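Here is a short report for a first look at this structure. Keep the sequence and the 3D view at hand while reading.

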Amino acid sequence: MNSTYSCVIFSPIMMNMMYLSPSLRRDFLDEAIKSSYPEYELLVRKYKKILKSRNSTLKAINEKRAKIEDLKFFDESFVLLASQIYVYRFKIINFLKDSIINTTQYF
């Protein structure tokens with residue numbers, strides 16, 4: 001039998017997530033999600049690429065090198081990918097919430 005197990009380790013350093021930048025919390029969630037859902041990594045890469053392109057387009061609009069209509073594709077893609085990421089993050093937050101509630105039964 002060939003089995004593998006995934007786990008997420010909580011260390012004292014991870015407690016700093018609560019006090020430092022939100023990006024640390026997102027990065028932590030993203031790493032935890034990637035270990036359970038391999039397809040999530042590709043989704044995040046696509047999201048970051050669209051975000052970068054969208055921001056470049058916004059800058060080009062500001063510099064009069066692009067039109068506001070050029071944002072439509074990026075806005076639609078951004079919203080679609082962001083909503084998919086939200087679903088995964090919502091799943092893990094609910095899992096963590098339920099796990100925390102279950103651990104209180106042992107005290």
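Tyr37 is partly exposed. Its relative accessible area is 30%. That value comes from a predicted model, as do the others in this report.

Tyr88 is buried, at a relative accessible area of 14%. The cut-off for buried is under 20%, so Tyr88 falls below it.

## The aromatic pairs

How many aromatic pairs does the structure hold? There are five. In one of them, the ring centres of Tyr37 and Tyr88 lie 5.2 Å apart. Their planes meet at 70°, so this pair is edge-to-face. The cut-off for that label is over 60 degrees.

Where do the two residues sit in the fold? Tyr37 belongs to the loop between helix H1 (22–36) and helix H2 (39–62). Tyr88 is part of helix H3, residues 71–103. The pair therefore ties together parts that are 51 residues apart in sequence. Tyr40 joins in as well: ring pairs link Tyr37, Tyr40 and Tyr88 into a cluster.

## Charges over rings

Tyr88 has a charged neighbour too. Lys91 lies over the face of the Tyr88 ring, 5.3 Å from the ring centre.

A second case involves Arg54 and Phe78. The charged end of Arg54 sits over the Phe78 ring, at 5.6 Å from its centre.

## Helix H2

H2 has 24 residues. From its first C-alpha to its last, H2 reaches 35 Å. This is close to the 34 Å expected at 1.5 Å a residue.

Which residues of H2 are buried? They are Tyr40, Leu43, Val44, Ile50, Thr57, Ala60 and Ile61. An α-helix has 3.6 residues a turn, so residues three or four places apart point the same way. Just after H2 comes Lys64, with a positive phi of about 65°.

## The whole protein

The protein has three helices and zero strands. From the N terminus on, the order of elements is α-α-α.

The protein has 107 residues, and 19% of them count as buried. Its accessible surface comes to about 8800 Å². Carbon and sulfur atoms account for 62% of that surface.

Contacts can also be sorted by separation along the sequence. Among contacts with a separation of 6 or more, 56% come from residues 24 or more positions apart.

How values were computed. Residues numbered from 1 in each chain as written. Predicted model: local features only at pLDDT ≥ 70, side-chain atom pairs only at ≥ 80, totals over all residues. Heavy atoms only, no water. Phe/Tyr/Trp six-rings, centres within 6.5 Å; stacked < 30°, edge-to-face > 60°. Helix = DSSP H or I, 4+ residues; strand = E, 2+ residues; numbered from the N terminus. Buried < 20%, exposed > 50% of the residue type's maximum accessible area, 1.4 Å probe, protein only. Lys NZ or Arg CZ within 6 Å of the ring centre and 35° of its normal. Contact = heavy atoms within 4.5 Å. Areas by Shrake-Rupley, 256 points an atom, 1.4 Å probe, with all protein chains shown as cover. Expected span 1.5 Å × (residues − 1).
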